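Here's a quick tour of a protein and the ligand it holds. Take a look at the structure first, then read on.

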Amino acid sequence: MNKRALITGISGQDGSYLSQILLDKGYEIYGAVRRTSTINTGRLFELDILNKVNLVAMDLAEITNIQRVIEEIKPDEIYNLAAQSFVQTSFDQPIYTSEIDAIGVTRILEIVKMLGGKTKFYQASTSEMFGKVQSSPQNEETPFYPRSPYGVSKLYGHWMTINYREAWNLHACSGILFNHESPLRGVEFVTRKITLGVAEIAKKKKQCISLGNLNAKRDWGFAGDYVNAMWLMLQNEDPTDYVIATGETHSVRDFVEKAFNVIDIEIEWSIDNGVEFGRCKKSGNILIDTNKDNNRPAETDYLLGDATKAKAELKWKPEVSFNNLIEMMVKKDMDRVENGNFSF
Ligand code: NAP
Ligand code: F7E
């Protein structure tokens, strides 16, 4: 019989890619979607798998709903990807973020336990838990120091996952995933904001992209590579947690320069009255400006992951390079802008 997976957050970036690889492996997929007033299955549509997955109504805020769904579906594996995942928003909505990203995890774990504890559980933990990094590169042994309500909430979910594994013997594990991006990334995240902005500038639909901290550094990988690691973790006989990362770090500034290179524009940086600008070297036009509204009350300045454990034990490694990721994202956005083809 085919394995059955329940994916919370199926409409998001990772949920869509994970569905695709699990379908290829022969899984029967159930995807939890929360009620919204508009259709938000555009990513599944874009991957051409919308009619291959079963969508069920489920919100992480509502335990009765979670219980009913898990009881009915009886999944072999649950991938908990649902979250208020935007760090900036977590500063304005700290309580909602905790409700979903922290307590939401416990709601699922408690139901899994109550129903006999046979379902394997994957928790989407994050490099944001390292926040103000205590040592570099960061691996499974690095102490945590989250810098946002998002990071703090995720750290609670992370420890709850470990606690249910140790206390109740659940097959529960956390993937501590560093930033991963793709053409399916939400437009509020910096990488997609840049690649969409570059495409709009190339097609003369926009003049300038407004950003915040250009010096923040991230270990950016490709989401399509990272979802495979989630699956590998649940296939382990003994559950344990893994860091998933590329082992390279780049600044937002590097990302901007490389993204404009895809459309043959070289960026020159300058500071005017304390505000930093990026100009087209050839035309002198301002293509990037910086605005304090895009800064965070507390920032994670630097992340660099060490995925040695995952490479050794899961035989996982990233396939898509930083440059290829940027090229893939800019080209897809150029196509979208040219054809008005936005499905999410
Ligand atoms: P995403 O694109 O923002 O997707 C988040 C998903 O969660 C969406 O499907 C969203 O549904 C759903 N969701 C939000 N609130 C919910 C609620 N109350 N009940 C049910 N569903 C809810 O995020 P992603 O990039 O795919 O990330 C997937 C997971 O990995 C998240 O937990 C994120 O925090 C974590 N993570 C991401 C990264 C990364 O770099 N991408 C790195 C580490 C960890 P709607 O479509 O209705 O909004
Ligand atoms: O910011 C800086 C910003 O919002 C990256 C989520 O998937 O990864 C993601 O969180 C950096 C930050 O991602 C803008 O200050 C500059 O330093 O793309 P981001 P994030 O906060 O790293 C982690 C691993 C997750 O788990 C999260 O769910 O870029 N930055 N200027 C900007 N960021 C944004 N969004 N917009 C700007 O204009």
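Let's start with the shell around ligand 1: α1 (13-24), α5 (94-114), β5 (120-126) and α6 (149-168) each put in at least two residues. Helices (H or I, at least four residues) and strands (E, at least two) are DSSP runs, numbered from the N terminus. Keep in mind that this is a predicted model, where local features need pLDDT of at least 70, side-chain atom pairs count only at pLDDT 80 or more, and totals for chains, interfaces and linings use all residues. Residues are numbered from 1 along each chain as written, chains are lettered from A and ligands numbered from 1 in written order, and side-chain values use heavy atoms, leaving out hydrogens and water.

**Around the ligand**
- Ligand 1 is surrounded by 26 residues (each with a heavy atom within 4 Å of it), and the closest are Ser11, Arg34, Ser85, Tyr150 and Lys154.
- β5 gives the largest share of this shell, three residues.

**Polar contacts** (pairs of N or O atoms within 3.5 Å)
- One oxygen atom of ligand 1 sits 2.8 Å from a backbone N or O atom of aspartate 14.
- A polar backbone atom of leucine 81 is 2.9 Å from an oxygen atom of ligand 1.
- The side chain of arginine 185 has an N or O atom 3.2 Å from a nitrogen atom of ligand 1.

**Tyrosine 122**
- Setting aside neighbours within four places in sequence, tyrosine 122 is in contact (heavy atoms within 4.5 Å) with residues including Ile78, Tyr79, Leu81, Cys173 and Met230.

Methods:
A polar contact is a pair of N or O atoms within 3.5 Å; within protein, one must be able to donate a hydrogen and the other to accept it, and residues adjacent in sequence count only if both atoms are side-chain atoms.
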